[in-house]
Amino acid sequence: MKKILRDQELAKEVHRMSAIGVPQDQIAIKIGMCKKTMLKVYRDELDLGMAEANEMICERLFKIATQGDDKVSLTACIFWVKSRMGWKETNIEEVRDFAKEDESVRRLLARIRETEFTSEQDNISNTSSVVLEGESKAED
């Protein structure tokens, strides 16, 4: 197996690109190395660059939240944490009375089953008569 030597200048460049948010696939292309090899050789630089950048953004966002700042910086920070760090806004609804919820679900399911059964019965009783070849329907 061929051993790839680490290049210190290349390591700094990988770190810098990772820190500014360049996707790893594109970093590999830029440095002329397949992604799998790059991940083995420059794993620390990739992880550290991203972690340091996220730390700076979080610190900036904290300062904006606690000291007030311009709206453009805040928007940029929010974009960063959502796109780079996977943060998201979520709405969580809590169910407080499980017994009541279970009863509501049971009633809804019962109504659905009744509707399905009624529909099946209607289809059976409302079937039109089949006219076989050579026979004709009785005319009024």
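## Ala-28 and its contacts

In this predicted model, Ala-28 touches Met-33, Cys-34, Lys-35 and Met-38, leaving out residues up to four places away in sequence. Ala-28 belongs to helix H2, which covers residues 24–31. With a relative accessibility of 4%, Ala-28 counts as buried, because the cut-off for that class is under 20%.

Val-14 lies 14 residues from Ala-28 in sequence, and the C-alpha atoms of the two are 8.6 Å apart. Val-14 is also one of the H1 residues that make the contact between H1 and H2.

## Packing of H1 against H2

Two packed helices are described by the angle between their axes and the distance between the axes. The axes of H1 and H2 come within 10 Å and cross at roughly 150°. H1 is therefore roughly antiparallel to H2, since angles over 145 degrees fall in that class. The crossing of the two helices is right-handed.

On the H1 side, the contact is made by Leu-10, Glu-13, Val-14, Met-17 and Ser-18. On the H2 side, Ile-27, Lys-30 and Ile-31 take part. Sorted by class, the contact of H1 with H2 has five nonpolar residues, one polar residue and two charged residues.

## Ser-18

Ser-18 is part of helix H1, which runs over residues 8–19. Its relative accessibility is 3%, so Ser-18 counts as buried. Not counting residues up to four places away in sequence, Ser-18 touches Ile-27, Glu-45, Leu-46, Gly-49, Met-50 and Arg-84. Among them, Ile-27 is also one of the H2 residues in the contact of H1 with H2.

Which backbone atoms lie by the side chain of Ser-18, the oxygen of Leu-46 and the nitrogen of Met-50 being listed, and at what distances? A polar atom of the Ser-18 side chain lies 2.6 Å from the backbone oxygen of Leu-46. For the backbone nitrogen of Met-50, the distance to a polar atom of the Ser-18 side chain is 3.3 Å.

Helix H4 covers residues 43–67 and contains Glu-45. Glu-45 has a relative accessibility of 12% and therefore counts as buried. Apart from neighbours within four places in sequence, Glu-45 is in contact with Arg-6, Ala-11, Val-14, His-15 and Ser-18. Val-14, one of these residues, also takes part in the contact of H1 with H2.

Ala-53 is found in helix H4 as well. Ala-53 has a relative accessible area of 4% and is buried. Leaving out residues up to four places away in sequence, Ala-53 touches Ala-19 and Trp-80. Ala-53 and Ala-19 are separated by 34 residues in sequence, while their C-alpha atoms are 5.0 Å apart in space.

## The protein as a whole

The protein has six helices and zero strands. Read along the sequence, these elements give the pattern α-α-α-α-α-α.

The protein has 140 residues, of which 18% count as buried. Ser-18, Ala-28, Glu-45 and Ala-53 are among the buried residues. Of the contacts in the protein with a separation of 6 or more, 50% are between residues 24 or more positions apart. The contact of Ala-53 with Ala-19 spans 34 residues in sequence.

Note on methods: Residues numbered from 1 in each chain as written. Predicted model: local features only at pLDDT ≥ 70, side-chain atom pairs only at ≥ 80, totals over all residues. Heavy atoms only, no water. Helix = DSSP H or I, 4+ residues; strand = E, 2+ residues; numbered from the N terminus. Buried < 20%, exposed > 50% of the residue type's maximum accessible area, 1.4 Å probe, protein only. Contact = heavy atoms within 4.5 Å. Polar contact = N/O pair within 3.5 Å; in protein donor to acceptor, adjacent residues only side chain to side chain. Axes fitted to C-alpha atoms, helices over the stretch in contact; angles between N-to-C directions. Parallel < 35°, antiparallel > 145°, perpendicular 65-115°, else oblique. Left-handed = near helix turned anticlockwise from the far one by under 90°. Nonpolar A, V, L, I, M, F, W, Y, C, P; charged D, E, K, R; others polar.
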